[in-house]
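Have the picture ready and follow along.

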Amino acid sequence: MEQSRAETEEAGMSTTSDNRSTITVFERSPDRGRGLARDMRVRWVLEEVGQPYDVQPVSFSQMREPAYRALQPFGQIPTYQDGDLVLFESGAIVLHIAERHVGLLPGDASARSRAIVWMFAALSTVEPPIVDREMIGYFEREEGGNARRIALADDRVRLRLGDLSRRLGDTAWLDGAFSAGDLMMVDVLRRLGGSDLLGEFPNLTAYVARGEARPAFGRAFEAQRALFIAASPGG
Ligand code: GTB
């Protein structure tokens, strides 16, 4: 994980940069400042590597405009702009930043690949059932919903959490030191909020709390919260 500054610069990475990137975020996040939208992981990685950034708040109507679709074809936040480079997909953005700075991906090639595996596991194996469960929450729970569908969605999340919990065991992070894989996994698990489901797995609850206790997380969280408060009536 540790790399000297000379090695870092030789590899075309930097410890700091004068470039200020810009990320797009919800003008007024529907999560009401709880930091559950996907700009949070991008803010967090930027804070971890010590890169200052600007935010460009966008409204839902702006996100439908062709100008925004040119940045993000699906009309979603976040996007990341650094000079001429425009990226979308939060996972790709986090990987891009982690690869260009020290600290979030190990120097050893195999360990680096394993950290990236955890990023993909978070995004393609753990996050989808969590999002599916949330959608049922939005669209069906309020109407009385389909109890069986809700129970099945809970079980699909529980299955992933159980396997993840067994793998994590009593270690602090998923594979050695804190990495971009942990950052992504913690951010994905946060989407469960304080739900009972996460609470069924004390080691995962502690894992999320460890991630949230990182100073970089705190700075990212406060920045998104401040934006929400400022955008709120009377804020
Ligand atoms: N795969 C893309 C990525 O990882 O970047 C997905 C991006 C995405 O889903 N963005 C959402 C978005 O822009 C915001 S994060 N949605 C608007 C749209 O699709 O029209 C998802 C989100 C939204 C709200 C809450 N919340 O209120 O708690 C949590 C998460």
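Domain bounds here come from an automatic or database domain assignment. Domain 1 (9-103 + 216-231) and domain 2 (109-214) both give residues to the lining of the largest pocket, so this pocket lies between them.

Before going further, a note on the model: it is predicted, so local features need pLDDT of at least 70 and side-chain atom pairs count only at pLDDT 80 or more, while totals for chains, interfaces and linings use all residues. Residues are numbered from 1 along each chain as its sequence is written, and side-chain values use heavy atoms, with hydrogens and water left out.

**The overall picture**

The protein has eleven helices and four strands; helices (H or I, at least four residues) and strands (E, at least two) are DSSP runs, numbered from the N terminus. Of its 235 residues, 46% are buried. Buried means under 20% relative accessible area, exposed means over 50%, and partly exposed is in between (1.4 Å probe, protein chains only). Among contacts (heavy atoms within 4.5 Å) between residues at least 6 apart in sequence, 71% join residues at least 24 apart.

**Two empty spaces**

Rolling a probe the size of a water molecule over the atoms shows where empty space is left. On a 1 Å grid over the protein atoms alone, a cavity is a set of points where a 1.4 Å probe fits but cannot get out, and a pocket is an open set with protein on both sides within 12 Å along at least five of seven lines; lining residues have an atom within 4 Å of a point. Grid points are joined across faces, edges and corners, and a volume is the space filled by probe spheres set on the points.

For the lining classes, Ala, Val, Leu, Ile, Met, Phe, Trp, Tyr, Cys and Pro count as nonpolar, Asp, Glu, Lys and Arg as charged, and the others, Gly among them, as polar.

| Space | Volume | Lining classes |
|---|---|---|
| Largest pocket | about 1,100 Å³ | 18 nonpolar, nine polar, twelve charged residues |
| Largest cavity | about 90 Å³ | seven nonpolar, three polar, five charged residues |

The largest pocket is lined by 39 residues, and L36, R38, E134, M135 and R191 lie nearest its centre. Which helix gives the most to this lining? It is α6, with eleven residues. Helices α3 (60-64), α5 (90-100) and α6 (109-139) each supply at least two lining residues.

The structure holds one cavity of 30 Å³ or more. Around the largest cavity there are 15 lining residues, of which F26, S29, D39, R43 and Q224 lie nearest the centre. β1, α2 and α11 each supply at least two residues of that lining.

**One side of a helix**

In helix α10 (residues 202-212), N203, L204, Y207, V208 and G211 are buried. They cover an arc of only 140° around the axis (taken from the directions from the helix axis to the C-beta atoms), which puts them on the same side of α10. These buried residues pack against α2 (39-48), α7 (147-168), α8 (180-190), α9 (196-199) and α11 (215-231).

Beyond its neighbours within four places in sequence, S21 is in contact with residues including L46, Y53 and Y80.

E27 sits in the loop between β1 (21-26) and α2, and is partly exposed, with a relative accessible area of 40%. Not counting residues up to four places away in sequence, E27 touches P57, V58, S59, Q62 and A231. E27 and A230 are 203 residues apart in sequence and 10.0 Å apart in space, C-alpha to C-alpha.
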